[in-house]
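Here are my notes on the model you sent.

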Amino acid sequence: MTFTAYVRARGPVLLRTARSLTANPSDAEDLLQTALTKTYLAWERIEDHRALDGYVRRALVNTRTSQWRKRKVDEYVCEELPEPGPVTAADPAEQQAVRDAMWRAVLKLPARQRAMVVLRYYEDLSEVQTAEVLGVSVGTVKSAVSRALAKLRDDPQLHQEAQPVG
């Protein structure tokens, strides 16, 4: 039997086997093509041509296993593309307006709370470092900053500036 005659006779059965190993008919065809290429290269070494189906099936399984191991990115069929929409860059003028409004709100805080907020959030000091700089306890820093943040959250002008335009 020639290789061509074998493929013509057994191709449909082998394709069904390949389809059972993949989720995609096109991938099954590619898988079978690869397995048949391996079989063709070994054709002269195969002594028992009655065992060809087993040889090709083993080549199918081994090839599919290699594909699973090599696969870097999984693809999934879905109704909508998972790609995000276009990202609009923030308007620098709006960002500056929000920063200005925040600073005006911070300036309205009592001096001690303002100092703690500036050290904690503008200078990025820890609560312990802030307490050391101001000569107060860590608990005092925690409570004063908590009250200051509550005042900032309630500032009506800050809410106005933070609202998106549109």
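1. Contact here means heavy atoms within 4.5 Å. Among contacts in the protein between residues at least 6 apart in sequence, 54% join residues at least 24 apart.

2. On the basis of the values: this is a predicted model, in which local features need pLDDT of at least 70 and side-chain atom pairs count only at pLDDT 80 or more, while totals for chains, interfaces and linings use all residues. Residues are numbered from 1 along each chain as its sequence is written, and side-chain values use heavy atoms, with hydrogens and water left out.

3. The secondary structure comes to eight helices and zero strands. Helices (H or I, at least four residues) and strands (E, at least two) are DSSP runs, numbered from the N terminus. The order of elements from the N terminus is α-α-α-α-α-α-α-α.

4. What radius of gyration does the protein have? The value is 35 Å, whereas a compact globule of 166 residues would have one near 15 Å. The radius is taken over C-alpha atoms, and the globule rule is 2.2 Å times the number of residues to the power 0.38. Along its principal axes the C-alpha trace spans about 95 × 40 × 20 Å.

5. Of the 166 residues, 26% count as buried. Buried means under 20% relative accessible area, exposed over 50%, and partly exposed in between (1.4 Å probe, protein chains only). The accessible surface comes to about 12200 Å², and carbon and sulfur atoms account for 54% of that surface. Areas come from the Shrake-Rupley method with a 1.4 Å probe; for residues, only the protein chains shown count as cover.

6. The largest nonpolar core has 16 residues, and those with the most contacts inside it are Tyr6, Leu14, Ala18, Leu32, Leu36, Val56 and Leu60. Helix 1, helix 2 and helix 3 (52-70) are the elements that give two or more residues to this core. A nonpolar core is a set of buried Ala, Val, Leu, Ile, Met, Phe, Trp, Tyr and Cys residues joined through side-chain atoms within 4.5 Å. Leaving aside neighbours within four places in sequence, Val56 is in contact with Tyr6, Leu14, Ala35, Leu36 and Thr39. Another core lies apart from the largest one; this other core has eight residues, among them Ala101, Ala105, Val117 and Leu152.

7. The structure holds four aromatic pairs. Rings of Phe, Tyr and Trp (its six-membered ring) pair if their centres lie within 6.5 Å; planes under 30 degrees apart count as stacked, over 60 as edge-to-face and the rest as tilted. One of the pairs is Phe3 with Tyr40, edge-to-face at 5.1 Å centre to centre and 65° between the planes. This pair links distant parts of the chain, with Phe3 in helix 1 (residues 3-21) and Tyr40 in helix 2 (residues 25-42), 37 residues apart. Phe3 counts as buried because its relative accessibility is 17%, whereas Tyr40, at 52%, is exposed.

8. Trp103 and Tyr122 form another edge-to-face pair, 5.1 Å centre to centre and 75° between the planes. Here Trp103 in helix 4 is linked to Tyr122 in helix 5 (residues 111-122), 19 residues apart. Trp103 is partly exposed at 37% relative accessibility, and Tyr122 is partly exposed at 41%.

9. Val98 is in helix 4 (residues 92-107). Its relative accessible area is 34%, so Val98 is partly exposed. The C-alpha atoms of Val98 and Leu158 are separated by 7.5 Å, although these residues are 60 apart along the chain.
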